[in-house]
Amino acid sequence: MSDYQEKFRSTKNSIKSKLHICLFSTQQQLAKLVIERLNSDRFKVKDLSLSSNLVNFLTDNEEQIDCIVLVKDSQSSSALKQLWQSKILLPMVIVETEQPANPNLELADDCNQFLDDIIQTCIIYHPAEIHLYPTQLAEISTYINLAITKFLSLAPSCDLNIHKTINEPEKEKVHSSLILQQRRLTEKIKERLGGYLGIYYKRQSSLFYRNLSKKEQEELDQKLSQNYCQILLEYFNENSETNKLIDEFVDQAFFADISTSQILEIHMKLIDEFSYQLQIEGRNDDILLDYRLPLIDITAHLCEMYRRSIPGEDFSLELLFAVE
């Protein structure tokens, strides 16, 4: 790692602010799992289990909260109703606890099948809400980013009266609340990302992959492949340092100006090697389909790094990478 990269990492850690998450769950076990998944330097979680406490807390801290994670249960409807009555609109991730409509969903290897099910899930709060199941909690940080992105992309004219319970004057108040919260959240994200601006143009071009000698490129290829392999091996292990490994890999790729297509090539080469080994052992390689999730996660981190670092005349609402 270069001296400049060390300096950047130190700066990055000092300016990095956390996403503030409000978790509502009456199920302690699920709440514990969510908190464990969000136990990193990227998130600060406030855990609440009473609907009245949730509304009171959000009323007092609405400007500080970036996203609500709500575990759906018998009390969640009451909590959502109170939030709606209080005109509190925030990005939301809803953790479903009932059996999905497709009984094979939890065992499915096809991520597209899961995403299709999310799209078909009934909206219960606002059109930008994101639904997932407990088996998908390993990816909750990705879906929080997606929920924020979708919320910021909501058009002022969108239909927020999901249950047709408010009149025209009330609709105007709800839409005003949406616009105000979008502005607040956008400003907070701009402030959060501000420390990265301009870093893209301050990198040392002599360290870019395309400017390295053939030998240096081979050495970097080998190092990136080894680090990526370690991420794949650790990704689905609980209590692993996967986030740290991903951050280190992305920093390395960023300073070498590695493209996402190169990351894909590394991924495919390793997956081919894993598949070959499984076939030799007479085992089914369908499990390798799950390893698209680490690829999505790493690509999202790298794209977000590039987005954060490139100054522009204006900030788009598409501030966070989202997997469609």
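Asp257 is buried, with a relative accessible area of 18%. Buried here means under 20% relative accessible area, exposed means over 50%, and partly exposed lies in between, using a 1.4 Å probe and protein chains only. Asp257 is not a glycine, yet its phi is positive, at about 55°. Asp257 sits in the loop between H10 and helix H11 (260-280). Leaving out residues up to four places away in sequence, Asp257 touches Arg203, Phe208, Arg210, Gln262 and Tyr306. A touch, or contact, means heavy atoms within 4.5 Å.

The model is predicted: local features need pLDDT of at least 70, side-chain atom pairs count only at pLDDT 80 or more, and totals for chains, interfaces and linings use all residues. Residues are numbered from 1 along each chain as its sequence is written, and side-chain values use heavy atoms, with hydrogens and water left out.

Now the whole chain. The protein chain holds 12 helices and five strands. Helices (H or I, at least four residues) and strands (E, at least two) are DSSP runs, numbered from the N terminus. The protein chain has 324 residues, and 46% of them count as buried. Take the contacts between residues at least 6 apart in sequence: 77% of these join residues at least 24 apart.

Next, the nonpolar cores. A nonpolar core is a set of buried Ala, Val, Leu, Ile, Met, Phe, Trp, Tyr and Cys residues joined through side-chain atoms within 4.5 Å. The largest one has 50 residues, and Leu58, Val69, Leu83 and Ile144 touch the most other members. Helix H6 (residues 140-153) gives the most to this core, with eight residues. Ile144 touches Leu19, Ile21, Leu38, Phe43, Cys67, Val69 and Val93, again not counting residues up to four places away in sequence. A second, separate core has 30 residues, including Leu212, Ile231, Leu270 and Leu288.

Turn to helix H3 (residues 51-61) and helix H4 (residues 76-85). They pack at an angle of about 30°, with their axes 9 Å apart. That makes H3 roughly parallel to H4. Axes are lines fitted to C-alpha atoms, for helices over the stretch in contact, and angles run from 0 to 180 degrees between N-to-C directions. Angles under 35 degrees count as roughly parallel, over 145 as roughly antiparallel, 65 to 115 as roughly perpendicular and the rest as oblique. The crossing of H3 with H4 is right-handed. A crossing is right-handed if the near helix is turned clockwise from the far one by less than a right angle, and left-handed if anticlockwise. H3 brings Ser51, Ser52, Leu54, Val55 and Leu58 to the contact, and H4 brings Ser78, Ala79, Gln82 and Leu83. These residues divide into five nonpolar, four polar and no charged. Ala, Val, Leu, Ile, Met, Phe, Trp, Tyr, Cys and Pro count as nonpolar, Asp, Glu, Lys and Arg as charged, and the others, Gly among them, as polar.

Ser77 also belongs to helix H4. Ser77 is exposed, with a relative accessible area of 54%. Ser77 and Ile124 are 47 residues apart in sequence, but 8.5 Å apart in space, C-alpha to C-alpha.

The axes of helix H9 (residues 214-234) and helix H10 (residues 242-255) come within 10 Å and cross at roughly 160°. H9 and H10 are therefore roughly antiparallel to each other. Their crossing is left-handed. On H9, the contact uses Leu220, Lys223, Leu224, Asn227, Tyr228, Gln230, Ile231 and Glu234; on H10, Thr242, Leu245, Ile246, Phe249 and Gln252. The residues of this contact divide into seven nonpolar, four polar and two charged.

H9 also packs on H11. Their axes come within 10 Å and cross at roughly 65°. This crossing is right-handed. Here Leu224, Ser225, Tyr228, Cys229, Leu232 and Leu233 of H9 meet Ile263, Ile266, His267, Leu270, Ile271 and Phe274 of H11.

Leu270 lies in helix H11. Leu270 is buried, with a relative accessible area of 4%. Leu270 and Leu232 are 38 residues apart in sequence and 9.2 Å apart in space, C-alpha to C-alpha.
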